[in-house]
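Me: I would like to go through this structure feature by feature. Please give the general idea each time, then the case here.

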Amino acid sequence: MELTSEERGLLAGNEGRAARKCMQILVALGEIYGAESLVEVSSVQVSGVSYKNLGDAGIEFLSELAEDGRARVRSTLNPAGMSLTDWRAQGIPQGFAEKQLEVIDAYRRLGLEISCTCTPYLAGNEPSFGQHIAWSESSAVVYANSVLGAKTNREGGPSALASSLTGRTPLYGYHLDENRLPTLTINVEADLKSPEDFSAMGYFVGKTVKDGVPYFRGIRSAGVEELKTLSAALASSGGVTMFHMEGITPEAGVGPARSQAVSLTQAILAETTAALSDVGAPDFVSVGCPHCSLTELATIAELLRGRRVTREFWVCCSGEVKRRSDEAGYSAAIERSGAKFATDTCMVVAPIEDLGHKVVATNSAKACHYLRNSGLRVRFLPLEECVLEATR
Amino acid sequence: MSVRLEGRVIFEGKAEGTALVSSSPMSFYGGVDPNSGMVVERGHELQGQSVRGHVLVFPNGKGSTVGSYIMFRLKKSGSAPCAIINEKCETIVAVGAIISEIPCVDKIDIRRIKTGSTVRVDGATVEL
């Protein structure tokens with residue numbers, strides 16, 4: 001791999017131990033995946049924030065790195081295992097909270113923004129078309145590539161952090177236009193009525209296309225909410241990094257995949273939706289996977305008007321979107337019902353199985369997928385029905 | 001008689017130990033206990049054996065990228081393998097080997113290595 005003199009300096013340790021270690025990681029990955037060089041990135045999103053996933057090993061590594069490492073480009077963080085301010089009200093054990101705050105402190109010393117969201121693009125870290133970035137939250141990776149037209153591979157937490165501390169990533173995969181072409185056409189015959197339909201569709205297509213690039217045809221309109229839940233579902237049932245949607249996403253002009261096509265019928269959509277649910281009455285309801293947009297918070301506030309929640313109901317969003325919601329008056333309306341904001345965190349990365357919950361209702365196929373892996377039962381319901389369940 | 005195999009360096013280093021070979025991919029996150037080095041993945045062919053001090057041989061990594069941090073923890077707890085040999089190294093193991101400073105080499109035909117045999121790793125060279 002060809003390195004610039006600055007990059008050789010970083011690798012030699014001229015800028016400290018942390019930068020050297022990060023450079024070693026990027027060069028090794030570049031060699032493994034056949035990159036000819038590194039490319040500068042303008043934005044980084046780092047996963048591996050919840051203490052539930054990182055454990056003590058992660059804290060130790062981050063603390064060592066923070067001794068002389070600093071972020072060189074704008075870098076934001078994935079959700080943590082709890083709300084950084086309201087963790088007591090969430091019922092998070094003290095021991096877990098202390099460890100989680102240690103993780104956050106290490107990232108702060110590294111110069112990362114403590115944004116704690118899986119939707120950085122809704123909270124100020126929104127890359128432009130054509131920019132090279134290094135993101136490691138799978139749903140955000142799909143959104144950034146497909147909807148924004150920025151370029152990123154599916155990074156892991158440590159490799160994204162290495163990009164943050166060096167400002168670079170190996171030039172291969174989805175950074176190259178020839179790898180962004182569709183591999184499978186999806187003819188959408190089903191009538192998509194809600195974001196949850198997009199979520200279920202993504203779950204089916206992710207399983208079908210695996211790590212390919214789906215090209216959706218026949219969708220008349222899709223907004224931020226539909227596209228973000230679709231992105232999340234595609235990346236949880238499959239290894240999708242990017243999709244195209246005719247007439248909607250910016251690179252769809254390349255045209256559909258020539259070789260193969262699959263039809264997404266109403267029957268498939270119904271079958272997928274049903275298969276995402278287990279049986280049982282929900283004792284916990286949570287929405288905001290990926291984190292809620294301001295529009296969704298407005299809808300939730302409206303749905304909760306004049307109602308009281310009767311079971312634990314979490315509304316997950318970033319601190320940034322929560323602040324905007326406070327100003328708009330939505331937060332007060334939501335909290336008046338007894339629902340709780342879960343800012344900085346979500347039902348997937350918080351230790352909710354330790355909080356005694358057994359059956360979770362949610363409007364996200366991605367959340368259903370991961371909660372089942374944690375041994376919980378799930379109900380996949382539209383947003384309106386989630387609110388009904390919470391207030392029944 | 002010694003056999004020399006040439007691979008590709010992922011993390012440069014020298015080590016010698018007895019081989020512990022898995023013909024199936026390994027997940028460190030949830031698959032290996034970070035304190036004891038014991039393989040705990042249910043149904044895995046190495047379940048119940050410790051990777052500690054061995055030259056650990058497997059085709060490639062799998063699972064969560066948090067696995068890299070588990071390798072780091074193994075190193076800190078003194079339970080890490082002394083070297084890693086892969087057929088095709090991927091991100092999790094490569095990052096884990098680098099941050100934990102465990103000598104690591106790939107592009108090796110691992111079918112030639114048997115559990116219990118003495119293996120020496122020196123950069124890209126694997127000697128049996």
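Reply: Start with a salt bridge, which is a side-chain nitrogen of Lys or Arg within 4 Å of a carboxyl oxygen of Asp or Glu. A:Arg74 and A:Glu113 form one, with their closest N and O atoms 2.7 Å apart. A:Arg74 lies in strand β3 (residues 74–77) of chain A and A:Glu113 in the loop between α4 and β4 of chain A, so the pair ties together parts that are 39 residues apart in sequence. Helices (H or I, at least four residues) and strands (E, at least two) are DSSP runs, numbered from the N terminus.

Me: What are these values based on?

Reply: This is a predicted model, in which local features need pLDDT of at least 70 and side-chain atom pairs count only at pLDDT 80 or more, while totals for chains, interfaces and linings use all residues. Residues are numbered from 1 along each chain as its sequence is written, chains are lettered from A and ligands numbered from 1 in the order in which they are written, and side-chain values use heavy atoms, with hydrogens and water left out.

Me: Are A:Arg74 and A:Glu113 buried, exposed or partly exposed?

Reply: Buried means under 20% relative accessible area, exposed over 50%, and partly exposed in between (1.4 Å probe, protein chains only). A:Arg74 is partly exposed at 36%, and A:Glu113 is partly exposed at 32%.

Me: How many salt bridges are there over all chains?

Reply: The search of the whole structure finds 31. One of them joins B:Glu41 and B:Lys62, with the closest N and O atoms 2.9 Å apart. B:Glu41 lies in the loop between β3 (14–21) and β4 (55–58) of chain B, and B:Lys62 in the loop between β4 and α1 of chain B, so parts 21 residues apart in sequence are tied together. B:Lys62 is partly exposed, at 33% relative accessibility. Salt bridges can also share partners: A:Glu6, A:Glu7, A:Glu15, A:Glu40, A:Arg72 and A:Arg168 are joined in this way into one network.

Me: Where is A:Glu7, and what does it touch?

Reply: A:Glu7 is in helix α1 (residues 5–12) of chain A and is buried, at 5% relative accessibility. Contact means heavy atoms within 4.5 Å. Leaving aside neighbours within four places in sequence, A:Glu7 is in contact with A:Glu2, A:Met23, A:Leu38 and A:Arg168.

Me: How do I read an aromatic pair?

Reply: A pair of aromatic rings is described by the distance of the centres and the angle of the planes. Rings of Phe, Tyr and Trp (its six-membered ring) pair if their centres lie within 6.5 Å; planes under 30 degrees apart count as stacked, over 60 as edge-to-face and the rest as tilted. By this rule there are 8 aromatic pairs over all chains. Among them is the edge-to-face pair of A:Phe61 and B:Phe72, with 5.4 Å centre to centre and 75° between the planes. This pair crosses between chains, from helix α3 (residues 51–65) of chain A to helix α1 (residues 67–76) of chain B. A:Phe61 is buried at 5% relative accessible area, and B:Phe72 is buried at 3%.

Me: How much area do chain B and chain A bury between them?

Reply: Buried area is the accessible area (1.4 Å probe) that two parts lose on being put together, summed over both. Here the value is about 1,900 Å², 64% of it on carbon and sulfur atoms. In terms of contacts, 21 residues of chain B meet 22 residues of chain A. The two chains have 3 salt bridges between them, including B:Lys76 with A:Glu64 (2.6 Å, N to O).

Me: Which elements of chain B supply the side that touches chain A?

Reply: β2 (8–11), α1 and α2 (91–100) of chain B each supply at least two residues. The most come from α1(B), with 6 residues.

Me: How much of α2(B) is buried?

Reply: 10 of the 10 residues of α2(B) are buried, so this helix is largely enclosed by the rest of the structure. Just after α2(B), B:Glu101 takes a positive phi of about 55°.
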